[in-house]
Amino acid sequence: MAELGSKGVTAGKIASNVQKKLTRAQEKVLQKLGKADETKDEQFEQCVQNFNKQLSEGTRLQKDLRTYLASVKAMHEASKKLTECLQEVYEPDWPGRDDTNKIAENNDLLWTDFHQKLVDQALLTMDTYLGQFPDIKSRIAKRGRKLVDYDSARHHFEALQTAKKKDETKIAKAEEELVKAQKVFEEMNVDLQEELPSLWNSRVGFYVNTFQSIAGLEENFHKEMSKLNQNLHDVLLGLDKQYSGNAFPVKAQPSDSTPAKANKSPSPPPDGSPITSPETKTVNHELEPSTLEAPGASIPKSPSQLRKGPPVPPPPKVTPSKEIKQENIISLFDDNFVPEISVTTPSQPAEAAHARAEAAGSEAAAGAEASKTEADSTSLPAVVVETFPATVNGAVEGGASSERADMPPGFLFKVQAMHDYTATDSDELQLKAGDVVLVIPFENPEEQDEGWLMGVKESDWIQHKELDQCRGVFPENFTERVQ
């Protein structure tokens, strides 16, 4: 007993905590079975529902605001790179170079100022607003435990009064415990009854101030950015006027897949549009559409066309007629339908045959070679079946985790206290920011309240190795999981 006293824990305190937990567990079981009445406060329960809703909305708003700030920062970086590119291509002898440098500098400062003001006037305010919720949440949970203690004391007192053989000494003691439990509960209940409605009403002003700040900052930012853009426009307009007398020739480049045709006139497009003259155009800053239509001009390819891969069958030929013969329609629902697969590659004789037909100018030869190409294209490509190794789902053989010998029995994980917590009950842990707690399961799961964990501080466990003397409950939201 002396040893227990030297460690700051007495046998009486341990017994009191154990008895309190057993009494709470018994009371909850009786209430769930309907054998004991439970004190209800519908008004307070509504306040708790509002509190949980307010916390959920505030957490979501904080998350979305952080995403918005990340987007502003990303847009700042993109804008900065774009202005840096303009500075690099802007030659020293061009007029307005100093102006463009100044505009780029002001652009960077404007983005930086916008982001910082969003952090100061919106994000920090949001963090302060949400900072009050963890303490109130822990007090709500503790009020629930004290309510169970009050109901248990009340039922015990009533049972002694209605017993056939009354013991006045026990009745007096039970009444004293009832008064004490009621006082503790009512003190916490009164405080929360005042704070929760006030906190609920404060959300309106907070939302108004937050979104007004964001809207005002955005408005000022876009006004200043509009001025910078107008200044940049004026500088570039001056550059354009000075060099407006110079012609910038833009020559069409031959396509990689189209052979050069120097002595042959272009064929009319299938849609009947007029043929564009192949002569080179000169324009000032802009490309005329006729230049892009010149024979042999390089047509931009889509990413899917540039991506290397197996050849694909060519699309079916489109005829001007809108009528479709009935015999050309293939029923996809016919059981006898077998699709024909035609694969052509750039290395097949079609291109050579087409070149010979153009050189000879013989349409008959082109038709003959085209028939040959069609015959060659009927060969089916080889089908390659790729197999993949089966994945093993589950734990690695022999890798089943075992309980560490240096941890308390039933050790679950470690958490670290992020805030100080002052214990207000004998079964609670006193925490300082930075304390590491070893989380263990409750002996009786029915005793665990929402938002509370059972554990022992790592320093106490290393020093004493006595679980019953050191363990206690603590609020989960005051800690952060570290292992």
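Let me start with a term: buried means under 20% relative accessible area, exposed means over 50%, and partly exposed lies in between, with a 1.4 Å probe and protein chains only. By that cut-off W452 is buried, at a relative accessible area of 3%. Hold on to W452; we will come back to it.

Some ground rules. This is a predicted model: local features need pLDDT of at least 70, side-chain atom pairs count only at pLDDT 80 or more, and totals for chains, interfaces and linings use all residues. Residues are numbered from 1 along each chain as its sequence is written, and side-chain values use heavy atoms, with hydrogens and water left out.

One more term before the sheet. Helices (H or I, at least four residues) and strands (E, at least two) are DSSP runs, numbered from the N terminus.

Now the sheet. Five strands make an open sheet, in the order β6-β5-β4-β3-β7, with antiparallel pairing. Two strands pair if DSSP finds at least two bridges between them. At the edges sit β6 (472-475) and β7, each pairing on one side only. From one strand to the next, the twist averages 50°.

Let's walk through some of the pairings. β3 and β4 run antiparallel, joined by four bridges. Here Q416 has V436 in β4 as its bridge partner. β3 also joins strand β7 (residues 479-481), antiparallel again, through three bridges. On that side, V415 has R481 in β7 as its bridge partner. Next, β4 and β5 pair in the antiparallel sense over four bridges. There, V439 has G455 in β5 as its bridge partner.

How covered is β3? Mostly: four of its five residues are buried.

R481 turns up again. It lies over the face of F413, at 4.1 Å from the ring centre. The rule for a charge over a ring: NZ of Lys or CZ of Arg within 6 Å of the ring centre and within 35 degrees of the ring normal. Elsewhere, R143 lies over the face of F44, at 3.5 Å from the ring centre.

On to the rings. Rings of Phe, Tyr and Trp (its six-membered ring) pair if their centres lie within 6.5 Å; planes under 30 degrees apart are stacked, over 60 edge-to-face, and the rest tilted. How many aromatic pairs does a search of the whole structure find? Eleven.

One of them is F114 with F221: stacked, 4.4 Å centre to centre, 15° between the planes. This pair links distant parts of the chain, with F114 in helix α4 (residues 97-130) and F221 in helix α6 (residues 168-242), 107 residues apart. F114 counts as buried at 5% relative accessibility, and F221 counts as buried at 6%.

Back to W452. Y421 and W452 form an edge-to-face pair, 6.2 Å centre to centre, with 75° between the planes. Y421 lies in the loop between β3 (413-417) and β4 (436-440) and W452 in strand β5 (residues 452-457), so the pair ties together parts 31 residues apart in sequence. Y421 is buried too, at 8%.

There is also a cluster: ring pairs link F51, Y129, F133, F206 and Y207.

Last, two helices. The axes of helix α3 (residues 42-89) and α6 come within 10 Å and cross at roughly 15°. Axes are lines fitted to C-alpha atoms, for helices over the stretch in contact, and angles run from 0 to 180 degrees between N-to-C directions. α3 and α6 are therefore roughly parallel to each other; under 35 degrees counts as roughly parallel, over 145 as roughly antiparallel, 65 to 115 as roughly perpendicular and the rest as oblique.
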